[in-house]
Amino acid sequence: MKLLSAGWLILGTLSAFGAGAASREMSEIPGGVYRPQYGTKDEQVEVESFVLDNYAVTNADYLEFVTENPRWRKSQTPQIFADAAYLKHWIADLDPGPDSGPEGMSPVTNVSWFAARAYCRWSGSRLPTLAEWEFAARASESKPDAIGDVDFRQRILDWYAKPAKPPLPKVTDGFINVYGVTGLHGLVWEWVSDWNSVLLTGESRVDAGLERQLFCAGASAGSADPSDYAAFLRFAMRASLQADYAVGNLGFRCAKDRSPN
Amino acid sequence: MRVSILITIAWLFLATMLPATHVSHAAEVKGEEHAVLTAAPSVPPLITRKHSTKVIVELEVRERVGTIAEGVEYTFWTFGGTVPGRFIRVREGDQVEFHLKNHPDNKVPHNIDLHAVTGPGGGATSSFTPPGHESIFSFAALNPGLYVYHCATAPVGMHIANGMYGLILVDSKKGLPKVDREYYVMQGDFYTVGSNGDTGLQTFSMEKALREDAEYVVFNGSVGALTGDHALQAEVGETVRLYVGNGGPNLVSSFHVIGEIFDEVRIEAGDAINRNVQTTLVPAGGAAIVDFKVDVPGTFILVDHSIFRAFNKGALGMLKVTGKPNTAVYSGQQDQRIYLPEGGAVQTTPEPAPKPKLAANKAERIEMGRGAYQTNCVACHQADGQGIAGAFPPLAKSDYLNADVNRAIDTVLSGLQGEITVNGEPYNNVMPSLGLSDEKIANILTYVLNSWDNDGGEVSPAQVSKRRKK
Amino acid sequence: MIREACIIVAMFSIAACGGSSEHEHSAHDHADMPAAAPTGHSIFHLGSKWMTHGNDEVRLNALAGKAHVIAMVYSSCEVACPRIIADMHEIKDKASIDPSELGFVLVSIDPDRDTPDHLAKFAERTGLDESAWTLLTSQDDNVRELAAVLGVRYRRVSETDFAHSNIISLINTDGEVVHQQMGLGSASDEMVSAIHSLIHGA
Ligand SMILES: [Cu+2]
């Protein structure tokens with residue numbers, strides 16, 4: 001705490017720290033190891049225990065954030081941090097409007113990576129890493145790793161295969177996974193902190209091999225599970241993004257390191 | 001910044017793929033026009049100009065629910081709102097400025113690989129676009145021919161299986177011989193979780209796609225897209241040209257028109273011309289151009305001559321030729337069924353979709369119930385009826401189920417909530433009402449009762465109907 | 001935490017965090033520093049702190065007032081990075097602009113190993129001329145953010161190696177990306193003419 005600069009303190013007071021965070025429920029995700037979708041054959045990713053929001057950040061949550069941080073209102077945000085679609089479903093800077101769902105309980109979308117990151121910081125947390133997100137998303141309502149279950153996959157796929165129009169469902173809709181987290185599948189895509197660690201050219205047939213022209217050696221040596229179509233969809237989505245892009249079906253939730261005690 | 005980068009990419013793309021020719025092309029290109037795009041079976045008008053120009057193509061990707069067969073819906077991913085995607089027509093030597101727009105309501109990113117493009121990825125790398133964005137890239141139409149375009153975003157198979165393909169025609173400088181009618185026909189195979197004929201919104205089945213086990217094989221995106229009122233038309237004495245494509249994703253088409261012989265086939269849509277062809281192969285991701293003169297009136301049936309696809313999965317279309325009979329060419333009774341050794345039911349009634357069939361006996365009921373269970377129950381009760389501990393009760397060897405069949409019917413009819421005990425375990429959760437027909441409920445429950453060590457028996461639609469009225 | 005604070009405060013006013021970087025002004029005293037807030041597309045909105053290979057602490061607005069050619073690499077890279085740097089040398093030679101008007105920046109994506117010291121040795125070993133080249137390193141999160149802005153994707157694939165996209169960006173005096181060259185060994189003519197039109201006018 002000693003290290004906090006004056007700027008941070010000012011902000012701290014401004015934000016009353018956690019008006020957003022107070023109502024927030026988080027669940028602990030016990031750490032573990034899994035094999036990433038894109039990587040070498042025997043690559044394992046280790047995920048340390050962490051804490052993840054039970055729900056995606058809602059329009060109502062986000063309204064609080066922009067109320068306290070004028071720089072993130074849609075008329076104020078520098079273009080480098082968010083493209084023209086930023087909060088485009090909102091009627092005005094501080095009016096989320098009908099497309100934000102009943103009481104603003106739909107997940108906030110049309111937010112850039114910068115915006116999502118700023119929100120998480122404001123609420124005393126951070127965006128989950130790609131590995132953390134993927135790890136938590138392997139869980140069904142009954143087991144921590146259901147990715148091998150054909151039915152589980154099919155359910156995920158069914159959502160990906162249907163177009164969604166605003167307003168989106170409430171963040172509390174959907175199944176609760178074994179950790180207590182809802183909506184990782186079946187609601188919206190979600191930003192992760194290192195989404196730009198996905199090195200796909202968009203030309204998936206090239207990506208399946210090694211493309212030295214574009215990437216350093218060892219970039220994308222095949223994929224762990226070619227039949228996990230849902231994972232391909234997620235990675236393709238991430239690969240298509242830029243940090244300033246705001247997209248209608250793309251929201252986020254925040255995470256924290258597990259507190260040391 | 002974004003715009004300048006896009007343009008840079010487009011430039012790079014051009015620069016790397018057309019090191020020498022690009023410059024000479026650029027010199028000849030005069031003026032600018034917007035491409036006319038058409039939905040199948042229409043083909044854009046003939047290009048009459050004699051010079052190269054800059055052609056702007058604007059294609060919007062829409063993910064939308066459409067009909068794949070009567071009563072069966074499917075979420076198509078489309079280039080321009082339809083399957084197949086819009087037909088694009090340019091002329092050899094044209095400079096094409098391509099705008100790929102991904103509609104904001106769409107869920108996933110898309111791109112486009114045009115087989116008419118000479119360059120890495122056929123444009124895919126330069127057009128990878130998330131929802132709510134647009135990519136621009138340019139290419140020179142170097143080689144004349146008819147080319148497939150498709151989405152190449154991972155998982156490619158799924159994007160294509162959902163309908164992301166179409167045709168682009170690059171007319172040669174001297175053009176193809178003139179014909180009276182031009183049509184656009186494109187085959188595709190579809191993989192639905194439910195079986196062929198299962199009604200309601202169907203989703204993509206990756207299992208079946210991997211096994212190449214298509215539920216539907218269709219021309220122009222749906223069963224019946226080219227039959228009945230939608231049949232292709234021509235008059236006796238006219239020349240007809242079909243631009244035939246095959247989007248796949250898996251199946252190769254044995255394209256045939258029953259009762260016609262193709263006078264000329266541009267094999268694989270290349271320069272080689274084959275004459276007097278009965279059936280021509282159209283590879284997945286390939287095309288063919290077939291020309292023929294229609295000499296006699298009648299209905300001519302377009303099929304994939306891998307014939308179960310035609311008569312059981314939908315790969316069937318019609319060309320209706322009107323005009324005076326020409327007995328010198330064909331002197332039999334004027335009855336198209338004579339060409340149809342398979343038996344006329346499907347062909348003579350221009351019925352767009354097979355009606356959902358009814359089970360004739362218990363064995364069929366169980367079989368049809370199996371499919372419907374997969375579509376409607378498996379998400380919760382699991383493939384082997386084992387359920388999920390603590391959340392969804394088992395249907396396998398379920399004392400609750402076997403004790404009272406009427407109660408089970410009520411459960412499926414109206415849903416169930418509140419605490420129940422199944423095989424000694426308490427469950428307190430909600431099963432929604434699924435809105436299924438009497439027939440379907442009867443089939444599913446008969447299947448369930450005769451599976452996984454349950455007590456057997458049969459539920460009839462009449463029994464369900466009685467419970468429904470209560 | 002300090003860094004986070006700076007980023008957020010930077011949104012309110014660049015001065016709040018920018019004040020501590022006096023030496024940048026002297027380093028580029030010929031340049032007209034942007035008086036007001038950065039333009040909408042300026043990378044100077046990022047308030048992150050960086051260390052140069054000369055062991056100076058800077059913010060990205062230290063790049064203000066002069067155009068820069070910038071790429072993201074790591075010093076132990078054996079395949080792609082030497083080629084990116086070779087491409088940058090080619091751009092530098094072809095453009096032939098005085099270092100007072102055009103700088104070259106390498107940003108490390110491997111801050112764990114690329115300490116300022118390490119980068120200084122790297123610069124010496126590979127003959128990067130002090131007057132033109134600046135090498136930068138920072139914390140992971142800052143690197144990730146700058147990469148996001150420049151459209152660079154990267155991922156650690158082993159103890160020693162990264163997969164990364166090969167992009168060389170041209171940044172104008174206001175910190176806006178005005179041109180990018182993608183892929184290794186790409187023709188540099190476009191980049192060179194972009195530099196010329198930036199510095200000499202179109
Ligand atoms: Cu697609």
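Reply: We begin with a definition: two strands count as paired if DSSP finds at least two bridges between them. Please bear in mind that this is a predicted model.

Me: In what order do the five strands of the open sheet in chain B lie?

Reply: In general, the strands of a sheet pair through backbone hydrogen bonds, either parallel or antiparallel. In chain B, the order is β13-β21-β20-β15-β18, and the pairing is mixed. Strands β13 (232–235) and β18 (279–282) of chain B each have a single partner strand and stand at the edges, so one side of each lacks a neighbour in the sheet. From one strand to the next, the twist averages 25 degrees.

Me: In which sense do β20 and β21 of chain B pair?

Reply: Strand β20 (residues 298–304) of chain B and strand β21 (residues 316–322) of chain B are antiparallel, with six bridges. One of the bridge partners to locate is M318(B) in β21(B), which faces I301(B) as its partner.

Me: How many residues does each chain bring to the contact between chain B and chain A?

Reply: Chain B contributes 43 residues and chain A contributes 42 residues. Together the two chains bury about 3600 Å², of which 64% lies on carbon and sulfur atoms.

Me: How many salt bridges and polar contacts are found there?

Reply: The number of salt bridges between chain B and chain A is zero, while six residue pairs across the interface are in polar contact. On the side of chain B that touches chain A, the residues comprise 23 nonpolar, 13 polar and seven charged.

Conventions. Residues numbered from 1 in each chain as written. Chains lettered and ligands numbered in written order. Predicted model: local features only at pLDDT ≥ 70, side-chain atom pairs only at ≥ 80, totals over all residues. Heavy atoms only, no water. Helix = DSSP H or I, 4+ residues; strand = E, 2+ residues; numbered from the N terminus. Axes fitted to C-alpha atoms, helices over the stretch in contact; angles between N-to-C directions. Contact = heavy atoms within 4.5 Å. Buried area = accessible area lost by both parts, 1.4 Å probe. Salt bridge = Lys/Arg side-chain N within 4 Å of Asp/Glu carboxyl O. Polar contact = N/O pair within 3.5 Å; in protein donor to acceptor, adjacent residues only side chain to side chain. Nonpolar A, V, L, I, M, F, W, Y, C, P; charged D, E, K, R; others polar.
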